[in-house]
Amino acid sequence: MHENDTKQFFEKYAADFDDLYGTQKSVINTIINTLFRRSMKLRYDKTFEECSPLENKTVIDIGCGPGYYALSFASNGASKVLGIDFSQNMIDLATKKAAEANVDHKCSFIVDDFNRREFDESFDYAVLMGIMDYIEEPSPFLEKVFSITTEKVVISFPQDGGILAWQRKMRYRNRCPLFMYTEAEIKDIVKAAGLPNPKLRYIGRDIFATVEREK
Ligand SMILES: C[S@@+](CC[C@H](N)C(=O)[O-])C[C@H]1O[C@@H](n2cnc3c(N)ncnc32)[C@H](O)[C@@H]1O
């Protein structure tokens with residue numbers, strides 16, 4: 001399995017993801033969705049705490065999915081937001097929501113694999129929420145992200161270890177490759193990418209990393 005499986009998985013999963021990561025009604029799914037939602041809320045709050053001030057900032061939302069973050073950035077003062085996702089269905093949702101929220105003049109969305117895309121612009125903030133779970137080679141990926149960021153990168157890494165991580169790996173066996181991380185692995189990945197030391201926080205099921213360009 002490789003990145004095409006991930007892309008196909010998210011094409012099918014887009015509507016459910018938008019509906020907060022699935023709507024199945026079994027007890028186990030209800031528990032998982034509750035934990036998902038809690039983690040999602042924590043990383044959302046942390047992202048906006050870190051990406052401050054927001055007024056007139058430019059943002060790239062990498063693996064933007066249905067545009068939840070991109071729209072919030074645009075509605076809360078960012079001057080320009082670019083969302084990129086390799087799932088057409090996710091980008092269709094994001095584009096529709098940006099128009100409904102009247103922020104389409106500030107948001108643009110592109111369907112592409114971030115690894116393959118060439119950029120001729122840079123952004124004040126780069127946001128990577130829920131994407132490192134699917135990135136096979138995280139160091140070159142982060143190196144590229146940092147090369148187009150002028151201030152700060154915020155990243156959620158799914159935490160490895162424990163029953164929840166094990167359970168999630170089981171669920172993903174037939175979906176797409178899934179990558180999880182320990183604190184030590186994150187430090188090694190960031191170092192190998194040649195980035196400054198990350199600030200790491202444990203939040204819910206994630207380790208939230210902030211990498212800041214030295215002033
Ligand atoms: C779990 S979703 C997170 C969506 C959004 N960031 C959020 O937190 O609501 C992960 C997204 O990353 C996208 N993705 C994964 N690998 C990618 C890549 N190499 N390039 C672009 N998008 C990618 C998937 O299509 C999916 O929509």
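This is a predicted model: local features need pLDDT of at least 70, side-chain atom pairs count only at pLDDT 80 or more; totals for chains, interfaces and linings use all residues.
Helices here are DSSP runs of H or I with at least four residues, strands are E runs of at least two, and both are numbered from the N terminus.

**Ground rules.** I number residues from 1 along each chain as its sequence is written. Local features need pLDDT of at least 70 and side-chain atom pairs count only at pLDDT 80 or more, while totals for chains, interfaces and linings use all residues.

**Sheet.** I counted 7 helices and 7 strands in the chain. An open sheet of 7 strands has the order β3-β2-β1-β4-β5-β7-β6, with mixed pairing (two strands pair if DSSP finds at least two bridges between them). Its edge strands, β3 (107-111) and β6 (199-203), each pair on one side only. I then checked β1 (residues 58-62) and β4 (residues 123-128): they run parallel and are joined by 3 bridges. D61 stands opposite V127 in β4.

**Helices on the sheet.** I see α3 lying across β1, β2, β3 and β4, at about 175° to β2. Helix α7 (residues 183-192) packs on the sheet too, touching β5 (149-158), β6 and β7 (206-212), and makes about 25° with β7. Touching means contact, with C-beta atoms, placed from the backbone, within 7 Å; axes are lines fitted to C-alpha atoms, for helices over the stretch in contact, and angles run from 0 to 180 degrees between N-to-C directions.

How values were computed
Two residues are in contact if their C-beta atoms, placed from the backbone, lie within 7 Å.
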